[in-house]
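Open the model in your viewer and get ready to click from one spot to the next. Each stop tells you what to select and what to look for.

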Number of protein chains: 2
Amino acid sequence: MDLKALATAHPDHWSKAGAIRALTLDAVIAANSGHSGMPIGMADVATVLFEKHLKFDAAQPTWPDRDRFILSAGHGSMLIYSLLHLVGDAQFPIEEIKNFRQMGARTAGHPENFLADAIETTTGPLGQGIANSVGFAMAEEIQRATYGAKVVDHHTYVIAGDGCLMEGVSQEAITIAGRHKLSKLIVMWDNNNITIDGPVTLSDTTDQVARFRAAGWDVQEIDGHNPDEIDAALTAAKKTDTPSMIACKTHIALGHAAQDTSKGHGALTDADAAEAAKKAWDWPHAPFHVPEDVKSQWEAIGARGADARRAWEERFDKMPRAKRETFNRALDLDPPKKLSATIKAFKKQMSETAPKLATRASSEKVLEVINPIMPETVGGSADLTGSNNTKTADLGVFDIDNRAGRYVYWGIREHGMASAMNGMVLHGGVRPYSGTFMCFTDYARPAMRLSALMKQPVVYVMTHDSIGLGEDGPTHQPVEHLAISRSTPNTLVFRPADTIETAEAWELALTQKETPSVLSLTRQGLPTVRLEHKTKNLSAQGAYTLVDAEGKRQVILIATGSEVSVALAARDLLQADDIGTRVVSMPCMELFAQQDDAYRKRVLPGGAVRVGVEAGVRQGWDQWLLGERGKWGKADFVGMDSFGASAPAEELFVKYGITAETVAERAKALL
Amino acid sequence: MDLKALATAHPDHWSKAGAIRALTLDAVIAANSGHSGMPIGMADVATVLFEKHLKFDAAQPTWPDRDRFILSAGHGSMLIYSLLHLVGDAQFPIEEIKNFRQMGARTAGHPENFLADAIETTTGPLGQGIANSVGFAMAEEIQRATYGAKVVDHHTYVIAGDGCLMEGVSQEAITIAGRHKLSKLIVMWDNNNITIDGPVTLSDTTDQVARFRAAGWDVQEIDGHNPDEIDAALTAAKKTDTPSMIACKTHIALGHAAQDTSKGHGALTDADAAEAAKKAWDWPHAPFHVPEDVKSQWEAIGARGADARRAWEERFDKMPRAKRETFNRALDLDPPKKLSATIKAFKKQMSETAPKLATRASSEKVLEVINPIMPETVGGSADLTGSNNTKTADLGVFDIDNRAGRYVYWGIREHGMASAMNGMVLHGGVRPYSGTFMCFTDYARPAMRLSALMKQPVVYVMTHDSIGLGEDGPTHQPVEHLAISRSTPNTLVFRPADTIETAEAWELALTQKETPSVLSLTRQGLPTVRLEHKTKNLSAQGAYTLVDAEGKRQVILIATGSEVSVALAARDLLQADDIGTRVVSMPCMELFAQQDDAYRKRVLPGGAVRVGVEAGVRQGWDQWLLGERGKWGKADFVGMDSFGASAPAEELFVKYGITAETVAERAKALL
């Protein structure tokens, strides 16, 4: 590249972009770690985007109708940190840049949404940002259809790298976006032909332009260092009626000795090379110093959107009050006031009618009363709508000609679905839930972890949650997936025993503001076990005594979900032998762990043997069986210690010994 | 479709395909579950493939040079079961068809490789079969380059459905195949435009033809019910120098009332509709009855390859004996005799030199002695070669012009990599290992579960296994991933403490025949803790006393990996206070659990308090802390109970309290 020519042709642009490059270089040198090459290579694209296209107000980074900027190539985090510092975001003074990657800094190794207002999402695990962006763009469409374009009308811009495009989740994402013609989604691909291992061609020769076109996208190819081309491409991208990809040919680590090499991808810390690079950029300033004229140009960019933001506020204030309240309530993730009463009334009715239902069907019944009073819910399924029971009559289907539709046919794309749901909550204004088989939490796993890390209350409706799935066999039968979900910090895993606990689980899931929930639901029918109506949400305490012992308490059976009724039947057998047996239903271990000692001791007192019952692996159970007031040698677990098999469900429960008889025998053996 | 015209134009073909259709219908009716539509729709393609192209010998289904047939759309399992029955595979008598989806049958809901010789892989989780197939095709290339085309020269045929193509892993798979011009891979896409939720267009409008071409594939589009077109397309596909995709336009549930509907995708059990369908197929026979003339035509197909197989055996016998032995040894997954002595010598040297190394670097040192004596190993990384330390000098790089290369640059495709590794072992003759960051086991998870379920000894080299990764932050720091890996049945999770345990872990991983291994390795340097050379592989017992207490044993510290040296330092602190402390290194919980009671009791005797130390979540630990001979109230755990943060590693260990001081304090608090 002829950098002199670039500088001469666009001197103002060049110095603004130079500020990004220099701050990046300085921060990585100070941290002695990080990724220099990508921010340096994409500085021109980012500068034009922020200067001429991105609708934002640095003083109000959470303004609801702002454009969203997503750095999918999250390792290039100094790009976004430099930008936020330069435009005058108050959370990013120069000290933050100097503290890049240090303890307590907002400038973490990868962008983390919970550390700063202007960081829309957490990226770094590749492909997640671009997949989130699909959810951002869908949420915008839904909100716009709901509230009108005067109040909701913004774009989602993404910078994605080769890594993002190689990850499979990106294919799921771009085909969802293409199918739904999410025209306000614009992806800028940092086409630099470099990955960590070497040139992209070492591992990939995909024609990305053709690939995106095959998915229904508009594609432009430009020189990613030419501000005019960048500007023209962004202008054109906003006019298409499909999502847009702009392939930006760039040089990683432009102007540095490591330019166009995989070394340039990483931390460029050599002092001499840094000096030479700054010379090439015509940047004679001290480390971390941005001269006043450049800084003021950037700050003007940061203030550019203030008028638009104020005008929006005026328009917003003209909306009918009820609409405004709903808009803000949804944005704040507050459930409607009616939710609690609705759930109570539903529970009362169910205790009275005591239906025998699979909890997936219970879940549908609950959604039938929730969805009408929570217009912010958006449901979906990864091509298992009839099996996951996630669709209720009133939702409508999200589609090109029905943007207000609240049900998404995600297709066979569990990962893309989960990642898009993250994007929806991050965008704000909608509360997504969607389903697949519990076993396929495996496919969604990277995004489910990010729901937890990002503190986003996504609801995962995971049905067919054990060998109770039956004939489909071990590829479809979860055994370790409850343990996997429970092992993840900041995740609530609910395994309700009947329709009433299912309603309680939904209430809890939909009142979370910072925690995702996994609802583990059965394929097979279950009796109602909570026959006496309780106004209180008993699942909120995680576990509770469902039926106490008659006579002296010798045994405590602890069970979840479909195994609660097994435990109740085992109790009948034990009580018939005059063995006093308590049954504890434990729909949510995480919430039980949060209770105080006194409550936990009341539910699980000492002096009785314990048997845990769950059609999954034991991992995670020992804290309740051996811990608390239990005693080694006096506890057992009835569950799975292998994969399942293909056969009718009832036969499988017998084969693997998850029966009332086994539970009673094991309990007796401990006495 | 004009079925009469089809029948008239190709009467022999029609009756052979009719047998597949009728058996499928009958079996699903008998089971009252399963998927009828796909086998009925793809019967024509499968018939032509088996009759005219697939190289196989039904009497010898494991003949090494057979073509591989992979049913990626595994829910259509009755297609493969019908075919195997019809061609006379001894494992599939008609009773198996009648027992479809019943307890103990080979005819499980989805094809399971471990139930029958002719089933090459386990499918059902969508996208896995097509991703496995890339590994099959790579293994064939590597073997052909190694042993010559006289001994290895076969194709991999795949039937994939819309679900396979929507899953992100298929994009990873097809772009790997395209990059490497795996020309002997031929995918037949069942283009029936139906998924469970409805028409494919509900969720997807991707131009699959353009998408595969963008990935470097040859694509043909045909009528999937026209035997001449099918035959011609397969003939042409074998001649390309790229992988081939044949888009077969088909009608799901052809000839049934549910044809071309999503209902047709599932179990078609209606008796009247079945009768009508059989009439449309011109199939007047009783359920499960295949008339002699049709059966004999099929059996002739099953025997068609016997001559080729015998000729191959003759050619194979002419290979030099050493080559034959290596070929067979690798196929049988037997390690070379030298392995044990090589590891012993290596360990001795390491005990003497006591290097301070990250275990990822230890792993590289081990591979440097293993790879030269195990020509069957194939290494790789998902674009983290320098970080995973998986590449040794002698491997060479697998590429279009170097098919004997034993190192694969997988690109940023953890899932595709893992699934391809499954395919490699399933193919036979190679032993794959590959790496990524431990945190990204999330991306590979669906395939890792299948390694375990399919009993394939893949080795996952997962580095950067804790907050010790440092500045990259919580998106890259595993905390729950040890628990996740350990929760999975039939998986060995190794977390070695130093170079010597790393060598032992590799030896154990490479001697497994039916169990995958996860090697959890550090980024950060660790001291050698096994300073006294032991010939025996101590890690084989899962845990062992590394240093015993001096004086009365009051405390047992149990640690893994990087925390073993933390435990040793804590022991120094405790012993300085005259508190006798044993340190147990526990590199593999699963192997320890397999030891007899006496050994376990020797390592973890009662009468001492216990503290577990591992920079991960507690889940999975309580069995060793509270269980065995431990006692509630007298155990504690030092580890993580939240996500990590971005900062230098040493600071993170202090922040989260994973230090010798904390461990010593916690132990004292228990006394």
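Start by selecting Asp65(A) and Lys55(A): their side chains meet in a salt bridge, 3.0 Å from N to O. A salt bridge here is a side-chain nitrogen of Lys or Arg within 4 Å of a carboxyl oxygen of Asp or Glu. Both residues lie in the loop between α3 (37-53) and β1 (68-71) of chain A, so the pair ties together parts that are 10 residues apart in sequence. Helices (H or I, at least four residues) and strands (E, at least two) are DSSP runs, numbered from the N terminus.

Are these two partners buried or exposed? Asp65(A) counts as buried because its relative accessibility is 1%, while Lys55(A), at 22%, counts as partly exposed. Buried means under 20% relative accessible area, exposed over 50%, and partly exposed in between (1.4 Å probe, protein chains only).

Before you go on, note that this is a predicted model, where local features need pLDDT of at least 70, side-chain atom pairs count only at pLDDT 80 or more, and totals for chains, interfaces and linings use all residues. Residues are numbered from 1 along each chain as its sequence is written, chains are lettered from A and ligands numbered from 1 in the order in which they are written, and side-chain values use heavy atoms, leaving out hydrogens and water.

Next, select Asp26(A) and Lys278(A), whose side chains form a salt bridge of 2.5 Å, N to O. Asp26(A) sits in helix α2 (residues 11-31) of chain A and Lys278(A) in helix α11 (residues 271-280) of chain A, so this pair ties together parts that are 252 residues apart in sequence. Both Asp26(A) and Lys278(A) are buried.

Staying in chain A, highlight Glu140(A), Glu141(A), Arg144(A), Asp153(A), Lys184(A) and Arg403(A), which are linked in a network of salt bridges. Over all chains, a search of the whole structure finds 74 salt bridges.

Now show both chains and pick Arg445(B) and Glu480(A), which meet in a salt bridge of 2.6 Å, N to O. This pair crosses between chains, from helix α19 (residues 441-454) of chain B to the loop between β12 (459-463) and α20 (481-487) of chain A. Arg445(B) is buried, with a relative accessible area of 4%, and Glu480(A) counts as buried at 0%.

Follow α19(B) along its length. How many of its residues are buried? The count is 14 of its 14 residues. At Ala447(B) the helix bends by about 40°; the bend is the angle between axes fitted to the seven residues ending there and the seven starting there.

Move to strand β7 (residues 244-249) of chain B: five of its six residues are buried, so the strand is largely enclosed by the rest of the structure. Strand β3 (residues 185-191) of chain B pairs with β7(B) in the parallel sense over six bridges, and Asn191(B) stands opposite Lys249(B). Two strands pair if DSSP finds at least two bridges between them. Strand β6 (residues 218-223) of chain B also pairs with β7(B) in the parallel sense, over six bridges, with Ile222(B) opposite Cys248(B).

Finally, zoom out and find Gly168(B), the residue of chain B that comes closest to the rotation axis, at 1.9 Å (C-alpha).

Terms used
Copies are superposed by least squares on the C-alpha atoms of residues with pLDDT of at least 70 in both.
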